[in-house]
Amino acid sequence: EVQSRKDETTTLAADFTSGGADRWFANLVRDHAGSPAGKDFAQVVRLVEVSRRIGAEQDPRKVLEYIIDTAIEITGADRGFLILRGTGGAQPGRLTFEVSRNLGSRDIDEPATKISKGIAERVIESGEILLTPNAQTDKRLAALGDVADLRVRSIVCVPIRMRGAIAGALYLDSLFTEKAFAEREAALLLVLTDHAAVALDNARL
């Protein structure tokens with residue numbers, strides 16, 4: 001019996017190292033898909049999977065792309081942007097777009113023209129989450145001309161903290177759906193920003 005359990009453990013370990021972990025996570029989500037808490041469970045499983053993959057991936061760029069793709073998947077967003085604020089050079093404070101992706105996991109061209117830079121700057125300056133169910137009617141954003149120009153509906157933007165300072169923001173939006181994001185999605189994104197901060201910090205070492 002002991003040998004049998006040892007053999008089972010060895011088989012499981014081998015399966016995980018050969019890509020079996022992906023199948024295991026997928027099966028967990030599938031098995032709970034019909035339960036009342038199926039969506040919540042799937043989101044938590046995805047966060048666990050992110051931690052696992054980040055630990056195995058050596059390329060910071062791929063880590064950041066995976067984080068953005070996961071953020072879009074678990075929140076139902078149309079687009080996601082990982083934005084950093086410059087700290088030196090000729091234009092300190094200038095926003096740079098590290099990763100910009102859409103629902104199809106494709107890079108977005110000219111990302112600076114696709115988001116409300118006013119919202120990103122506000123989040124980076126304040127260090128506070130901004131969550132709006134309808135950016136077009138939100139009085140807090142009335143002074144931001146780019147919000148009206150873009151005609152985006154739902155937006156959630158959370159700060160990225162590195163070594164105790166605000167380094168940037170994770171910005172997601174839904175082009176046509178109102179109330180696409182809630183506090184739960186914002187909390188999930190905060191977890192992902194911690195992973196992003198680690199990847200960015202490692203890239204700078």
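Which backbone nitrogen lies 3.1 Å from a polar atom of the side chain of S154?

## S154 and its polar contacts

In this predicted model, the atom in question is the backbone nitrogen of K179, which lies 3.1 Å from a polar atom of the S154 side chain. The side chain of S154 also reaches the backbone oxygen of P133, at 3.1 Å, and both P133 and K179 are listed among the residues with which S154 is in contact.

## Setting of S154

S154 is placed in strand β4, which covers residues 154–162. Its relative accessible area is 0%, and because buried means under 20%, S154 counts as buried.

Leaving aside neighbours within four places in sequence, S154 is in contact with T132 and P133, with L172, D173 and S174, and with T177, E178, K179, A180 and F181. Of these contacts, L172 is also the bridge partner in β5 of V156.

## Strand β5 and its partners

Strands β4 and β5 run antiparallel and are joined by nine bridges, one of the pairings being that of V156 with L172 in β5. The two strands form a hairpin with two residues between them, and R163, in the turn, has a positive phi of about 50 degrees.

Strand β5 also pairs with strand β1 (residues 79–85), again in an antiparallel arrangement, through six bridges; here L82 has L170 as its bridge partner in β5. Nine of the 10 residues of strand β5 (residues 165–174) are buried, so this strand is largely enclosed by the rest of the structure.

Key
Residues numbered from 1 in each chain as written. Predicted model: local features only at pLDDT ≥ 70, side-chain atom pairs only at ≥ 80, totals over all residues. Heavy atoms only, no water. Helix = DSSP H or I, 4+ residues; strand = E, 2+ residues; numbered from the N terminus. Buried < 20%, exposed > 50% of the residue type's maximum accessible area, 1.4 Å probe, protein only. Polar contact = N/O pair within 3.5 Å; in protein donor to acceptor, adjacent residues only side chain to side chain. Contact = heavy atoms within 4.5 Å. Pairing = 2+ DSSP bridges.
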